[in-house]
Amino acid sequence: MALEAVGVTVGGALLSASLQVLFDRMASRQFLDFFREQEFDHDLWQKLKLKLLALNSVLTDAEEQHRIMNLSTKEWLAQLKDAIYDAENLLDEIATEALRYNREAAYQTPKNQVRALNNRLEQIFSKVELIAKEKDSLGLKEGLINKKSMPRLPTTSLVNKSEECFRKDEKEQIVSYLQSDNSITGSGIPVIAIVGISGIGKTTLAQFLYNDERVKTHFELRAWAYVSERSDVFKVKLGSVLMGKKFLLVLDDMWNESSIDWDLLQRPFQAGARGSKIIVTMRGESVSSPMHSFIIRPLTPLSNEDCFSLFAKHAFESEHQIDEDSTLKSIGEKIVEKCKGLPLAAKTLGGLLHSKLEAEEWDKVLNGNIWDLPSGMNDILPALRLSYYHLPSHLKRCFAYCSLFPKGYEIEKGNLIRLWIAEGLVLQGTGTRRMEEVGEQYFNELLSRSFFQQSTYDGTCFKMHDLVNDLAQHIAGDFYFRYEDGCLPLNPERVRHLSFVPNQNEATEKFFEAFYDLSNRLRAFLPLKLSPHSARVALSATVLSNLFPESSCLRVLSLSPYHILTLDDWIGNLKHLRYLDLSRTEIERLPKRVCSLYNLETLKLSGCQRLTQLPTDIPVLTKLEHLDIKGASVKEMPPKFGNLKSLQSLSTFVVSRYWGSRISELKKLSLLCGTLTILGLQKVSQTEEASEASLKDKKYLRELIFQWAPGTRVTDTEVLDKLRPHQYLKKLQIRHFGGKKLPDWIGDSFFSQMVSLHLFDCGNCSLLPPLGQLPRLKELYISKMKQIEHVGSAFCGSNVEPFKSLEILKFEEMPNWRNWLDFTEGGFPSLQELTIHNCPKLMGNLPNHLPSLVKLHIIKCRELTFLDPNRTNQMCSTLERLHIMSSCDDLKLFPLDRFPNLVKLKLQDCGSLSSIRIRQEHEHLTCLQKLKIKSCPGLGTFSGRELSSLQKLKISHCANLFHFGEGDLPTNLQVFCFKKCPMLQNEWRLQDMRSLRLFKVDGVVRIPSRPLGGGPRRRFESTSRSILNNQITGGNWLIDEGVTSGGN
């Protein structure tokens, strides 16, 4: 029954939002004028609108009161949704006719087509009228009902004594803060916001904090209040009680997003003493934003190990039972993987299986759906449903759309927003707000409410927790279908949005026959690749023509995962199409009929390496907002490209000299935002053309890449000067610039938002601009500047503190650079990473004042002096990672003791290096964990005993290395590898290395039959058994000659 409630609630919300979009489009002046002019049945259209308005009020009643939870009502809602889809399709077809009427001067909608559209309108009205009559028999009534919250039992401060806190680190950090009397920046009582998805353990952590003995003794008064959405927080009458006392207040399940309400809430607590604190738990960070003085502590999922411990506490009678029943333990571990670190899911499933000893019962839970559990035993469903319930209707529709993505799928934020826009899920913003901005706001709201999680690998990608993904699937119903595991939809006639992961084994016509019957109703055909490197799948022209018939109402089409060479004329059937993704296909040209897709908003052609030109008529697609040709082989933009005035995102503009569009066409594209690459700038011969591009007026652009053809010799300084961008630009790249001088605006402090700058192959420039004047510059890359000989004060500019924000600096391929003048001690105060690569003539020292340097890479710089014994180098004390390769020929002695915080050191091809040592007064270096020495033929000794934290030691091709000093090697080594060190003496005392896991010299693997110290077995690889036999004394050893390993 609980699941039925979800479906009905969702149905009402989704339909209500869909109807609102439909009403807005029906009321547009352009639509109404065309409707009357072409003799469409205006009266019948108005009747349909009134009928839908009446049904909309019934939907609100159904959603708000939760009165309808039976199958009849669910079917009624599905029929109504189906009718709304049909009405939207009809409306869209008429609107498309209006667009075509305006684009093609001689075009008139044929009379027989008008009659056919009127007939469809009559059929839809009859269908809606029948649905409206059925509402009375279902007990539905019109009229708005005041919104009521979903009931939920209030929480208390009591903590279950048998529970274990699995968030010890988070707890200790918060306790430490609670015990301090320091306030956070801001006014009012300091607030700690514990934020996360439902079931992540926010309340549990707050309970542990509230009952911690240190917290109890620190505060004179403690209070706990369950707030929720509708609770009257002013019933917490504490004002007089708090007077002059240091208190801790916990507000659990905070929903209020109003800054005014929060101000009112805080007023009674201002009477408390200094050091008072408030803890709030909440689902979204947006709730905390109105608070004036707060820190946010987002909770991440538990590890699988902790999650299993929590599951086992509820599933097993005792730890003894866990060890005894390996079968249940194995199934339990797999069940926990389904929980994806959600404590509530682990507790719920553990409790459900408590005292059940049959593996069959456990398998049912493992292979079943968490949402199908009995409602009385499932706390997961109401917890997650509550988060969904509080979403506004437009966000509910966007969230339901995400049901198309498989579990674990990494969703690219910008692409998802484009899909939402294409499907009509993003409402038109007020004023000058662009649809992309509105869509981004939608996404950020869902992110702040924990419906999405940031990818650990890509900052632009996000995932949904598996249980949230399950929720999205359930609320989406029959209209969204994700094809998986060979299961076809239960109600194929309802499917409007289809997604699947293409499989080479299923790329046959027989496989797609199952979807032919859906094709004239589908709105989205969305094959998804699990990885950018997934293999292409073949798809025949016959399948494509059958999938997309003339009556198609498709809005979203992706063919990116397929091996496609051409598009046939069937593409012209897709008159409703908004989103077309052909990226990374082998397509060589776009057919002319693509230019008849007047509704097209997004066209993705990135990575189409065989595509050399765009259709001549593409400028007629005036609704096009997003065009991506990055990585394609397009030679020039077609004529009149500036007519695409709706373009907001353009990956690349290729300048034409003759047939196509010149750079001046960019003037008309005033809405461009994000990143723009301009290729072929050597074709711009007149500075007036560059000036007419009006880049300085494009205030939404955040990154520009200017690129000439490699080897350009023309003088381009004046052209680049006229391409001066808007002051809000954040990132700039200049590539293959052929001028002798970079313009003055590069390095102008006027560009106060610039955070990243790349200068690549500006081979004729002999001076660097005063880049030190850019106040927010964080990343600077200078490469292949062949004429640069000196870097000094001019590079820093006139600032007292140049490069004050710079964190990453890289110089590469600078063949004539001779010296880096140590200009001032005020420069580079924030520099964390410095790379100098292939600068063979660079002499002298690095700047002396680098107080924040953490990473240093010096590669192929033979003349550079690394450590001057006559200077105190401040960077030594801060360095954590150091790599020296084929550089610093004067480096003979490497004093490890001068680098107390070094964690990783790599020395390679340092021909003069003879010794690595630590002075006696520095007995132990406690930070160094990884050391690699390669191709240092002069190295004779290495004293390593004092490296108490060293875990990995790799040495190779050091022909004269003969011993490790008097103290042998550190005993904490886990990996010890050496290769081609013929002089090395065998005095390593391996029996003392209790942590050793891998010892490799090449060849034979040796495994201790009884691991020393009780740890896991260790692997020893060697070219010679005698070496190890001499080293290992005591213990029994097995030799496995079947395992070999190469490399180092």
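View 1. Just after helix α20, G477 adopts a positive phi of about 70°. Helices here are DSSP runs of H or I with at least four residues, strands are runs of E with at least two, and both are numbered from the N terminus. This is a predicted model, in which local features need pLDDT of at least 70, side-chain atom pairs count only at pLDDT 80 or more, and totals for chains, interfaces and linings use all residues. Residues are numbered from 1 along each chain as its sequence is written, and side-chain values use heavy atoms, leaving out hydrogens and water. Helix α20 covers residues 466-476, and nine of its 11 residues are buried, so the rest of the structure largely encloses it. Among those buried residues are D466, L467, V468 and I475. (Buried means under 20% relative accessible area, exposed over 50%, and partly exposed in between, with a 1.4 Å probe and protein chains only.)

**View 2. Where α17 meets α19.** Helix α17 (residues 393-401) packs against helix α19 (residues 435-448) at an angle of about 80°, their axes 10 Å apart. That makes α17 roughly perpendicular to α19 (65 to 115 degrees; axes are lines fitted to C-alpha atoms over the stretch in contact, and angles run from 0 to 180 degrees between N-to-C directions). From α17 come H394, L395, C398 and F399, and from α19 come Y442, E445 and L446; contact means heavy atoms within 4.5 Å.

**View 3. T835 in its strand.** Look for T835 in strand β28 (residues 833-837). T835 is buried, at a relative accessible area of 8%. Apart from neighbours within four places in sequence, T835 is in contact with L809, K810, F811 and H857.

Terms used. Parallel < 35°, antiparallel > 145°, perpendicular 65-115°, else oblique.
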